[in-house]
Amino acid sequence: MNKLFAAAFVFALALQLGGCATQLLSTPNAPATFQFGLIGDQQYNDWEERQFPRLLAAMDREPLAFVVHVGDFKAGSNAPCTDALFLRRHQEINQSKHPIIFTPGDNDWVDCRRPTNGVMNPLERLTKLREIFFSKPVSLGQSTIKLTSQAEIFAADPVLSRYRENTMWVQSGVVFATLNIQGSNDNVGFDSENDAEQVDRTRANLAWLNVAIERARREDIVGLAVFLQANPGFEESPTAVAKSAYVPFLQAFEREVEKFGKPTLFAHGDTHEFRVDRPYRSPLDKRAIENVTRVEGYGSPRVNWVRIGVDLNNRQQPFQISSGGFVPSRD
């Protein structure tokens, strides 16, 4: 990112956040350690529906700063994407005592075009998700935290300002950011309208990534964490990944985080296996990027959460990752 853009970002941030800008730019007396939760790919059937409030209650009993939900709050098929379902999920997530930061998944809008989901327009469904879940730049949950949205920072840009689901916040010495990057090949290959949206969304995601990295370069920051729905091909061959829609994002992400150099967490859902890769290994060519850790959260049929501890005293590896240890009921 050039110096002019970096300066413009800080200025815009101060304007948008007003009195909160100081808190975002530095967090004096912040705790040296904290924990947060990672969930996603839940509530795919009636049994998982019954487990979800129990999962939230289990996390409520933990000293978590917040929880990140990386999308897919419903099954990809046989689950119509109705307004009523969206509103119910919004209400259910809001029962959390902790702040929950949500980023949508492909089941939540991309796959709504499927016959068993009601043959709905994915882009219209994304608009509805924004209306229900992202009407204000704050987290969900009974206790909320202020977020900075892409719509605020890029208010003057008619394309980038659409992506208000892309958010950022700072907890102690870590910058956190969500990116709208989807499974189902990021919504590419269905029709020209959706292909064009994906091009715009990739531009928005890369701009938001750059903003987050520029913020994280400051001396008061130990590391960066980014969250998205898609698994962009970690378990695939580089040949297969090269044909996917994820290539531009992966190329930019890997180039920028290597230059960035600080510890970075890459967290996602999509393929429903709790996995930790330390170091991150590029889907593009399997090379290791030493300053990046990849974590994938649990997903259906496994009902659980991931505990991520942050130790600011460990500037080489502040992210400590383990299972949340939730045990579902049998009923």
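At 0% relative accessibility, does F227 count as buried or exposed? F227 counts as buried, because its relative accessibility is 0% and the cut-off for a buried residue is under 20%. Keep that residue in mind while we walk through the rest of this predicted model; we will come back to F227 and its ring partner.

Let's start with the overall fold. The protein chain is built from 10 helices and 14 strands. Its C-alpha trace covers about 50 × 45 × 40 Å along the principal axes.

The contacts tell us how the chain is put together. If you take contacts between residues at least 6 apart in sequence, 76% of them join residues at least 24 apart.

Now for the aromatic rings. The structure holds 23 aromatic pairs. In one of them, the ring centres of F66 and F176 are 5.0 Å apart and the planes meet at 80°; angles over 60 degrees count as edge-to-face, so this pair is edge-to-face. The two partners come from distant parts of the chain, 110 residues apart: F66 sits in the loop between α3 (46-60) and β2 (67-69), while F176 belongs to strand β6 (residues 174-178). Both F66 and F176 are buried.

That brings us back to F227, whose ring pairs with that of W169. Here the centres are 6.3 Å apart and the planes are at 15°, so the pair is stacked, given that planes under 30 degrees apart count that way. This pair, too, links distant parts of the chain, with W169 in strand β5 (residues 167-171) and F227 in strand β7 (residues 223-228), 58 residues apart. W169 has 2% relative accessibility and therefore counts as buried, and F227, at 0%, is buried as well.

Methods. Residues are numbered from 1 along each chain as its sequence is written. This is a predicted model: local features need pLDDT of at least 70, side-chain atom pairs count only at pLDDT 80 or more; totals for chains, interfaces and linings use all residues. Side-chain values use heavy atoms; hydrogens and water are left out. Helices (H or I, at least four residues) and strands (E, at least two) are DSSP runs, numbered from the N terminus. Contact means heavy atoms within 4.5 Å. Rings of Phe, Tyr and Trp (its six-membered ring) pair if their centres lie within 6.5 Å; planes under 30 degrees apart count as stacked, over 60 as edge-to-face and the rest as tilted. Buried means under 20% relative accessible area, exposed over 50%, partly exposed in between (1.4 Å probe, protein chains only).
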